[in-house]
Amino acid sequence: MPKRTRSTPQQLKSTEPPMRGFLIHLTVFIVVIVGLAALNLIRNPAHPWFLWVLCAWGIALAVHDLVLLLKSRQKREIPRRPSSSDEAQSGV
């Protein structure tokens with residue numbers, strides 16, 4: 001099993017678990033909404049009920065994206081403390 005390496009939030013790639021989870025969520029959202037819209041507009045175009053699903057699930061998707069963004073921002077803002085070995089090397 002390959003060893004995982006930690007990257008900075010600026011280098012967040014689609015292969016990392018949090019981003020991969022979001023992309024899967026987004027893909028399923030698009031496929032299902034397109035299917036529901038087609039079904040709704042073919043069967044009963046006078047009442048577009050798929051819009052309720054689009055809005056509710058869209059809010060959930062936006063929250064998922066916001067959580068991912070906030071987590072990556074928190075990791076980026078944590079300052080690195082110099083360790084005692086860093087101080088010894090710099091001569092302080």
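A residue is called buried when its relative accessible area is under 20%, exposed when it is over 50%, and partly exposed in between, with a 1.4 Å probe and only the protein chains considered. By that definition, buried residues make up 11% of the 92 residues in the protein you have open. This is a predicted model, in which local features need pLDDT of at least 70 and side-chain atom pairs count only at pLDDT 80 or more, whereas totals for chains, interfaces and linings use all residues. Residues are numbered from 1 along each chain as its sequence is written, and side-chain values use heavy atoms, with hydrogens and water left out.

Begin with the cartoon view, where the protein shows three helices and zero strands in the order α-α-α along the sequence; helices are DSSP runs of H or I with at least four residues, strands are runs of E with at least two, and both are numbered from the N terminus.

Next, select phenylalanine 29 in helix α1 (residues 17-43) and tryptophan 57 in helix α2 (residues 50-77), which lie 28 residues apart in the chain. They form the one aromatic pair in the structure. Rings of Phe, Tyr and Trp (its six-membered ring) pair if their centres lie within 6.5 Å, and planes under 30 degrees apart count as stacked, over 60 as edge-to-face and the rest as tilted. Here the centres are 5.5 Å apart and the planes stand at 85°, so the pair is edge-to-face.

Now colour by accessibility: phenylalanine 29 counts as buried because its relative accessibility is 12%, while tryptophan 57, at 22%, counts as partly exposed.
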